[in-house]
Amino acid sequence: MASVTEILHALNYNHIYIDGVGELVIHKESICVGNNAVIARCHIVGAEDDGDKLLRCYIRWRSPIQSKYDHTFIPKAFTITTLMGESQEVDVSLSDWYKGITLGQYLENDSGGYDKLSHSVDALVKAVLDLPYAHGDIQTDNILILEDGSMQLIDYDIIWEAKFIEDIHEGHFDVAPDNIHIARVNRQRDAAAIGYLSVMIATMAHIERLNRKGYRELNHRDFMPDLNSDNITADLKRALTVLGNCGDSTHYQLAQIIIDNRQDICALINAKIKRIL
């Protein structure tokens, strides 16, 4: 595989050629490096659709199974020259470029407007549960708030991680090409994660509303969601008190479903969220 340095060098030529697509113009200021790919904003020269695209140049071996989920995956489409002067073909994918900020950035800025934000998260809950596959890495930095206030789930790369041959918590895995499959993706985990965000942001919205009415006992920042926390269950139990006092039965029941870790969590959350959409 080509190295990160070699891909970055190729993208800095500004104009590149992708087999089966054509010439791309790279927006250099957008280039960044992720765990699995070098990504950049670009547009296709002469395309009828003049919207910008997101280009991923993969720095790890990609499984053919990726094309089953990502129709924009193009294997060996970008030929670059390595530091040794050799030609190297790089797997890429192209998808729509979405303009906005991540939910993580929004919460960090403490921008307010949590009532509207809560409705957008609830709509995203249904969208996530309607996906034909799991995302596997739902977190606030992988949720984009678009200019119209709607939300878009991004960064599906974890779907194509190498197959773990022992307990994933032990860190043992086999990266041989014939042992690749979809790993660390679980629809129940997705449902619990997005449901948790829905509950916590709804709680923040209620507290913001109460504060506007003069009730200052609670600080909404104390309920900021943290999917990396070891105390998610404790967060949900604290939220239950607020949701119960505010008469929000739907989010109250969502919290209970996640705490109970029900096997049918996807169907249960989907049924509850439909009540408020």
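Let me begin with helix 4 (residues 114–129) and helix 8 (residues 265–273), which pack at an angle of about 140 degrees with their axes 10 Å apart; helices here are DSSP runs of H or I with at least four residues, strands are runs of E with at least two, and both are numbered from the N terminus. The axes are lines fitted to C-alpha atoms, for helices over the stretch in contact, and angles run from 0 to 180 degrees between N-to-C directions. Helix 4 and helix 8 are therefore oblique to each other, given that angles under 35 degrees count as roughly parallel, over 145 as roughly antiparallel, 65 to 115 as roughly perpendicular and the rest as oblique.

This is a predicted model, in which local features need pLDDT of at least 70 and side-chain atom pairs count only at pLDDT 80 or more, while totals for chains, interfaces and linings use all residues. Residues are numbered from 1 along each chain as its sequence is written, and side-chain values use heavy atoms, with hydrogens and water left out.

Which residues of helix 4 and helix 8 make the contact? Helix 4 brings D122, V125, K126 and L129, and helix 8 brings C266, I269, N270 and I273, where contact means heavy atoms within 4.5 Å.

Turning to the sheet, we find an open one of three strands in the order 8-9-10, with antiparallel pairing; two strands pair if DSSP finds at least two bridges between them. The edge strands, each pairing on one side only, are strand 8 (100–102) and strand 10 (151–153). Three bridges join strand 8 to strand 9 (residues 143–146), and T102 stands opposite L144 in strand 9.

Finally, helix 4 also lies across strand 9 and strand 10, running at about 35 degrees to strand 10.
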